Amino acid sequence: MLEIEIEHDQTSAAAGITFDRGNGFDRRNTIYLAVRRGRIAKRICYVPYGIKGIRLEPLSGQKGCFSVKHFRFVWLTPRFAYSRMIRRLNYADRHFQGAGAQQILKALKEESREENVSWRRLLAAYYEGTFARGAPNFNYALWREQIEPLREPSNNRVVIAIEKLTEHSSFGIALSTEGASVEDIAITLDSLIQQRYSHWYLLISAEQDADEDISELLNQRLHEHEILAQHLLIQPPESTSFHQWLASLSQQIDYVTFLAAGDALAINATYHLAAHSYQHPEAVLLYGDEDRCVDGERALPNFKPEWNTDLLLSVNYIGRAAAFSLERLLQYSHLCESPEQVDMHALLLAYTDGLSKADIQHVAYVVLHRRYSDATSAAELTPDGPGFSITAVQRFLVEKDASATASEQPELGCRVQWGLHGPLPSVSLLIPTRDMLHMLQPCVDKILELTDYPNYEIVILDNQSSDPGALAYLNKIARDTRVRVLRWDHPFNYSAINNFGARHCSSDVIGLVNNDIEPINGSWLTEMVSHAVRPNIGCVGAKLYYPDDTLQHAGVILGLGGVAGHAHRFFPREDGGFQNRLHHTQNLSAVTAACLLLRRSIFEEAGGLEEEYLPVAYNDVDLCLKVRELGYRNLWTPFAELYHHESVSRGIDDNPVKKARAKREVDYFRSRWGQQLLHDPAYNPNLTVSFEDFSLR
């Protein structure tokens with residue numbers, strides 16, 4: 001057991017320990033461990049016999065200040081070590097979450113027989129995968145070497161799986177060669193030739209084929225690879241439009257993918273897409289994860305969430321790693337007149353409009369290695385342009401809601417602002433409190449001073465305050481026509497207090513607000529209300545910061561730490577987060593009730609907050625999941641910003657009674673939502689559930 005404690009100045013950090021087995025410090029012999037300030041981190045590792053030295057990198061891949069407070073190895077028996085490793089897989093690896101120790105061991109041994117590898121070696125690799133963390137831009141190479149091979153099926157497995165498919169979807173790869181070099185085209189051709197699933201066709205226009213260099217390359221590849229000769233389709237002369245040509249291929253092709261020359265499909269790309277279409281025959285859009293090839297090296301992974309309507313309005317997070325049902329695609333021929341003239345953002349917005357989640361399937365594997373040029377910025381998510389089209393979003397909004405507007409955030413994406421129709425909805429902000437005048441007064445005063453939304457009231461829910469100063473303040477502030485004070489004379493129960501407050505309000509929108517919240521921008525409530533009144537939106541959450549301007553809340557991710565956790569916690573205020581998601585309005589499974597808005601009708605339909613089993617913790621996540629179960633999309637916006645002095649009012653769970661209560665709440669929450677905690681659709685299975693920083697899993 002390795003134990004280490006490091007004080008450092010980073011948002012998040014990992015220590016690297018490398019063993020010298022006699023050939024120097026080779027990074028293939030490196031293990032990693034996340035290190036948090038003020039905590040001793042522990043993990044099991046195998047120390048090989050005959051090592052010559054051990055190298056410690058306190059901040060692996062990062063620069064900063066640090067101090068090593070504690071560092072030691074504790075020798076373990078193999079049996080104890082294996083049991084602890086299996087226990088970790090139970091909550092930290094998506095393959096084994098929720099399984100018992102015996103089930104995990106059985107699965108490892110079955111896989112070891114199939115792959116002819118020791119089950120102990122597989123266990124060690126899976127275990128190591130739960131620690132393979134750190135910002136993807138510097139840890140991706142290690143992930144590709146050690147983790148991806150465990151997740152990608154081998155050639156043998158693919159062959160067996162294909163044999164079991166009773167139907168085989170076929171894919172048309174529409175290739176754009178505009179501005180591309182012969183080398184770029186060769187990269188794409190070679191990736192197609194290497195596909196383990198052979199039901200694909202290369203679609204290329206006669207004009208492209210007429211190019212002397214392209215023609216020579218095609219002839220060379222046709223001569224060398226029979227499979228390309230069988231699967232090359234050339235568009236007839238100009239008399240036939242791209243749309244007409246696609247329509248004529250409907251008996252041969254089920255899905256169409258648009259690639260730019262230089263893009264390379266991963267070796268299992270068409271297999272993964274076909275397998276998902278087989279499992280989900282209703283799917284009309286399939287899309288996968290992707291990365292970029294920089295100087296021949298795969299880098300900068302984009303691990304995507306499942307279908308996320310509001311994120312797509314902010315940025316084209318899907319990109320070109322997508323397969324469109326040909327039957328539906330033919331309805332949008334004006335948006336794809338040729339492979340060179342596809343506005344992917346416009347096409348995706350129009351194509352997905354009105355579809356259900358079942359119609360759109362995410363493939364959680366890297367299926368596309370995008371071409372990369374020095375001119376490509378880090379914010380761009382498509383091969384040949386920015387990851388958004390402001391014109392496409394604006395045109396889409398005109399058809400959906402004339403009062404909605406889209407504005408460009410340079411190099412980041414679009415901000416969509418939704419208009420409020422008719423009389424402004426009334427809002428009740430419920431603020432439970434007990435004493436804590438030094439927290440309550442700044443909260444209430446700042447809301448009253450800063451908020452520019454006019455039609456709201458503050459409802460202070462006083463839970464047995466006894467401090468004279470607090471009582472005097474409550475009596476004084478109640479004279480403000482925008483403030484009411486209601487008394488709750490019972491033991492603390494966050495859920496019951498807020499349900500009580502909601503019953504005593506008649507507003508259109510209910511806001512759950514902690515007494516340790518302070519708004520930063522005056523438009524925070526306008527922003528949240530404008531989303532909360534949208535017909536398909538349920539709970540709306542805000543962007544919250546600690547007083548030191550590090551991030552406290554950017555939405556809740558299910559499964560983090562075994563239950564649920566806050567996304568990107570402790571990131572600097574200005575940081576964009578993974579794939580700039582901290583800059584984008586998006587749908588998330590849950591948001592914190594430290595600042596949460598939803599329509600009264602939805603709150604009542606969901607049955608309010610759970611009073612009996614969740615009196616203190618996880619009641620907000622439970623509410624969000626109930627709302628989602630009713631068919632609404634929960635949403636987080638980065639454009640409502642507030643400070644949050646987290647849990648100052650009720651303190652922390654630091655005594656046996658509180659710890660027992662916390663355990664009961666966790667047990668109930670897991671029993672109620674267990675299956676949904678195994679996979680969050682707003683997250684990605686390749687990202688960690690051990691930490692909150694969107695690092696690799």
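Strand E2 (residues 14-20) and strand E5 pair in the antiparallel sense over 5 bridges; strands pair if DSSP finds at least two bridges between them. Strands here are DSSP runs (E, at least two residues) numbered from the N terminus. This is a predicted model, where local features need pLDDT of at least 70, side-chain atom pairs count only at pLDDT 80 or more, and totals for chains, interfaces and linings use all residues. Residues are numbered from 1 along each chain as its sequence is written, and side-chain values use heavy atoms, with hydrogens and water left out.

**The sheet**
- E2 sits in an open sheet of 3 strands, in the order E3-E2-E5, with antiparallel pairing.
- At the edges are E3 (30-34) and E5 (53-57), each pairing on one side only.
- Look at Phe19 and you'll find its bridge partner in E5, Ile54.

**The cores**
- A nonpolar core is a set of buried Ala, Val, Leu, Ile, Met, Phe, Trp, Tyr and Cys residues joined through side-chain atoms within 4.5 Å, and buried means under 20% relative accessible area (1.4 Å probe, protein chains only).
- The largest one has 61 residues, and those with the most contacts inside it include Phe303, Leu430 and Cys539.
- Beyond four places in sequence, Cys539 touches residues including Val591, Leu623, Val627 and Arg633, a contact being heavy atoms within 4.5 Å.
- A second, separate core of 48 residues includes Ile318, Tyr332, Leu348 and Val393.

**Confidence**
- The protein averages a pLDDT of 90, and 95% of the residues score at least 70; pLDDT is the predictor's confidence in each residue, from 0 to 100.
- Over residues 374-386, pLDDT stays under 50.

Definitions and conventions
Buried < 20%, exposed > 50% of the residue type's maximum accessible area, 1.4 Å probe, protein only. Helix = DSSP H or I, 4+ residues; strand = E, 2+ residues; numbered from the N terminus.
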